[in-house]
Structure formats: C-alpha cells, structure tokens
Amino acid sequence: MANCFSPLLLRIKENRFTEGRDWQVPVDVSFRMVLDVIAQVLPSISPLPTSFEYEDEDNDIITVCSDEELDALLSYCQVCAQQNISPICIYPKVSRRRNTLKLEVNTKAVPTSSAISSAGSGDSQLSGHRRPDEQSLINLLSGGQITPHDLHFLEILGHGSGGTVYRAFHTPSKVIMAVKVLALDATP
C-alpha cells in the first residue's frame with residue numbers, strides 16, 4: 001500500500017532498553033515491508049514478528065498490524081518530523097501462539113439449496129415463515145448441543161477483530177442461525 005508522505009525515519013529496536021537502528025521509510029512502504037525489514041534488522045527475533053508497537057505523544061503503546069494503522073503511524077511521524085522530534089522507535093511484537101489445542105472449524109460454505117435439501121425437503125421453518133420456538137432455541141444453545149459437524153456454513157455475514165460471523169444451517173434442529181467463530185487465543 002502506498003502512502004502520500006515524504007520519506008521518514010523510524011528507529012527499529014528490539015526493546016526499550018537496547019540501541020536501535022534507523023531506517024529511512026520509502027514512500028511506497030507497506031505493513032508487510034516493515035515486518036520484513038524488522039526481521040532483517042533483528043534476526044534474533046523468533047518467531048518472526050506479526051506486528052509492531054510504538055509509543056505515541058501520550059505515552060500510550062500503539063500496536064500496528066495493518067496498512068491502515070501503518071498510515072496512521074506515518075502521519076504521526078510526519079508531525080514529529082516537522083517538530084524536530086527524534087525518530088519514532090518501533091518494537092517488534094510476536095503474537096503468542098494461537099490455537100495451541102489445534103482446534104478447527106469447517107467454515108466452507110455449502111450452496112444454500114444443497115444444505116437445505118440435505119436436511120429434508122418441504123420444511124416450513126426453512127422458508128422463513130415460522131421462527132423456531134424460543135424455548136427450544138434456548139435449550140439448544142444452553143445445552144451445548146451444537147457441534148461443528150451439525151453446522152453447514154452458508155455464507156459470511158461479516159468479520160472483524162473478534163472473529164467472523166457466518167449464516168449457518170443447524171441440521172438437527174433445521175434452524176438457520178448466525179454463528180460467530182472467534183479468533184482463539186488459548187494462552188493464559
């Protein structure tokens with residue numbers, strides 16, 4: 001992703017107590033490029049960094065993990081450069097191991113017509129004219145009766161930093177529902 005700023009200087013440091021190495025940021029920098037440069041400057045970092053942090057004017061630690069967040073950092077650097085403030089220090093951040101239990105959810109969408117026909121034809125609940133009984137839905141959700149094998153993912157409804165929401169068909173109850181698959185971090 002290209003940015004519209006003139007070249008700036010960032011100081012890459014392993015942590016707040018070590019010396020850093022200055023890097024002149026090219027105009028066409030991308031988030032991925034910054035991670036690659038960090039890996040080259042600090043080859044001892046293992047595993048490879050997945051994001052990086054910097055300290056803003058309020059001494060808040062800001063994590064950068066996308067091109068949009070990088071553009072915000074570069075805007076801040078531009079202001080600092082105009083005020084003759086020394087280069088902004090960035091620190092690699094290695095994300096903790098995610099999903100150490102190797103949990104998987106099959107989120108491959110099945111065409112709506114085949115998912116519905118495999119559940120049984122002619123069911124009036126699938127047509128959208130009737131809603132399931134509220135108490136049976138509460139029992140279903142509170143009883144832990146939903147397993148990944150019972151769900152047919154139909155489409156993605158949305159996604160964000162917390163996870164992805166799918167429109168899914170629950171085969172045993174013949175209910176179409178929204179299912180949120182959370183980004184799992186099983187570390188303490």
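Which residue in β5 is the bridge partner of E53? The bridge partner of E53 is Y91. The model is predicted: local features need pLDDT of at least 70 and side-chain atom pairs count only at pLDDT 80 or more, while totals for chains, interfaces and linings use all residues. Residues are numbered from 1 along each chain as its sequence is written, and side-chain values use heavy atoms, with hydrogens and water left out.

**View 1. The open sheet of five strands.** The strand order is β2-β1-β5-β3-β4, with mixed pairing. Strands (E, at least two residues) and helices (H or I, at least four) are DSSP runs, numbered from the N terminus. β2 and β4 (61–64) are the edge strands, each pairing on one side only. Pairing requires at least two DSSP bridges between two strands; β3 and β5 pair in the antiparallel sense over four bridges.

**View 2. Helix α1 on the sheet.** α1 touches β1, β2, β3, β4 and β5, a contact being heavy atoms within 4.5 Å. The direction of α1 makes about 85 degrees with that of β3. Axes are lines fitted to C-alpha atoms, for helices over the stretch in contact, and angles run from 0 to 180 degrees between N-to-C directions.

**View 3. The largest nonpolar core, with 25 residues.** Such a core joins buried Ala, Val, Leu, Ile, Met, Phe, Trp, Tyr and Cys residues through side-chain atoms within 4.5 Å; buried means under 20% relative accessible area (1.4 Å probe, protein chains only). F52, L73 and I90 have the most contacts inside this core. Leaving aside neighbours within four places in sequence, L73 is in contact with L10, F52, Y54, V64, I88 and I90.

Conventions: Buried means under 20% relative accessible area, exposed over 50%, partly exposed in between (1.4 Å probe, protein chains only).
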